[in-house]
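Good morning, and thank you for joining.

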Amino acid sequence: MLPSELDIKSPEGLTRLFWFAADGRGDDARETAAHRLTARFDLMADEPSLRGAFEDAVRYLDSLEPAQRFEKVCALIEGALKDGDRLSDELAWEILTLTRDKKIVRFSFAPSVLLCLRRAQGIEHAGSQRFPGYDIRYTGVGADRELIASAALYLDLPVYIESGPPWVPDGLFDDGEPNSEAPELEVSLPPSAFRSSDAPDLEVSVRASKLPRAVDRGTYDLESVMLAYLCSTEAPALAMVSESFLSSPKQSRLAARQQLLDARCIDRVAELDTADAPQYLITLRNAEISPDQVQMISTSDVQRFTGVDPFTRSVRGTSQLISIDDVQTAGGPLLPKRYLATGPVGGSGLATHFKNATNAKGHRLADLFEIIRPKTIRDDPVGTLPIQEISGVHISQFGELSGPPRRADIRSTLKARFDEQRLRPGDIVFAHRGPIGRAAYLSEENLEDSDLWAGQTLFIFRQRKRYAGSPDVPYCDPRVLFMYLLAPRVRDAWKDVASSGRSPSIPIGEVERFMVPNGLTVKRKPKRGPGSPEKGSAKETPADRILNEFELHQQNCRKLRKTEIRLHGGLDRVWDTVWRNGT
């Protein structure tokens, strides 16, 4: 066992231990390697104050069999890494599987330290003699460089540790001659947040990336800098990134994503659903996919996530090829779920149902309708402009508006700010909080007496405007979509994607990627009038039949309202009868 007085919980403490262990062996090969490291890093073997404890620790490590010693060193390193720098064993194994057929692999950043050591151990066991010092390369930005340098020296593993940051690779030489062999694979796991005070010497090289705001408020955006570098190289790459990098509007991240899209170098972006936070992997130039398309994947299977077991076809809600043009039209976010349509499916039989469950045809709701999130409307004591606001509680289960809307007085100068959420004929309001899943269609009749505004518990679905050069997507009549949203199975499906807790809500991302089946759409907006298909005719489409159901639904709702009025009137008469004589 290792002495308890040693610092084995930090990279710096382990570096001192491994360096002491390697220095104590004194063989010529290690002395030569140690001299090279001393010249390139600040790694000097000092006289430890607890020399006896160090010697006991080294004797314990040296007493282990080589395989056991390697696993013990890896366990110590894993214990010293931060929680966010540790990979699960299954994920680490699958990433290493992708490196097996590559001769030169370059690893970067602390989470890949153990990957690099295990790759080197595999090469050592295979007996490869081809430039063993350059086949496996590691580069980092902090104490991780010295840690892996001392561990590789102690374990006698062929790892070349670069002295510069990952986006400024070392110039390599063999017997005085430049070695220009590029890595056959880059494996990079950059940190999502990095304080500039932890490595002030990096500022010059970070600014040299010319990404806007890569140095911002005491932090470096190393994710964006590294991905921009990988974009500029020709080597295939795997990079694990954060959700923020894939979706944040921050200038440095937006600029890095745009460089990747413009270079047409993204093969796939995968999301791994885990019990904790999701993990994301970008693959660059490593698959036989059209450069004009990106494969978006969302899965809970690690082999599918890494691409060891790749998706070879589109699977609804799980894998889809998305054109670069569509990504750029959407504003450049690379979150897979943003592009993977999902929603309830059905079928006339069991076989048809299963077929639709894996490969149902349809379009994302956000491609057909604008999804508008209303702002908060607060009552102002000195406001002069009255606002009539509706929320989810004003929508009945059959999609009717009921009850008096909330009144709020605002300053007239704020009217333009809330104009987007002022409801218009043809809008659909959808409750994403409160009575989740309820929807109402706004007709001219609803708005003829006064204007209405949508509250924060609602989303507004508004028909997208068509213009020259806009994406060629089919037309969906909002009345048809409204009727589909009223279907009980659709309502139940929303409950499955709602967040848990005391106040369940449906994230806007789930609404945007809700699949609108092909049966609800037509190629072009039809011209209604004398030329409209008659009910039951051969030209009648599913959308036409749903519009007929909409008209019947409206008639039944009017009858229901009259019946409710009569019922309430009867109950009022009961009350009056009891209290008429003052009893």
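**Aromatic contacts**

Both F430 and F461 are buried, where buried means under 20% relative accessible area, exposed over 50% and partly exposed in between, with a 1.4 Å probe and protein chains only. Before I continue, please note that this is a predicted model, in which local features need pLDDT of at least 70 and side-chain atom pairs count only at pLDDT 80 or more, while totals for chains, interfaces and linings use all residues. Residues are numbered from 1 along each chain as its sequence is written, and side-chain values use heavy atoms, with hydrogens and water left out.

How many aromatic pairs does the structure hold? There are 11 aromatic pairs. Rings of Phe, Tyr and Trp (its six-membered ring) pair if their centres lie within 6.5 Å; planes under 30 degrees apart count as stacked, over 60 as edge-to-face and the rest as tilted.

One of them joins F20 and F54, edge-to-face, at 5.4 Å centre to centre with 65 degrees between the planes. F20 belongs to helix α1 (residues 11–23) and F54 to helix α3 (residues 51–63), so that distant parts of the chain, 34 residues apart, are linked. Helices (H or I, at least four residues) and strands (E, at least two) are DSSP runs, numbered from the N terminus. Both F20 and F54 are buried.

Why is the pair of F430 and F461 stacked? The ring centres of F430 and F461 are 5.4 Å apart and the planes lie at 25 degrees, so the pair is stacked. Since F430 lies in strand β19 (residues 428–431) and F461 in strand β22 (residues 458–463), the pair ties together parts 31 residues apart in sequence. F430, F461, Y484, W494 and F514 form one aromatic cluster.
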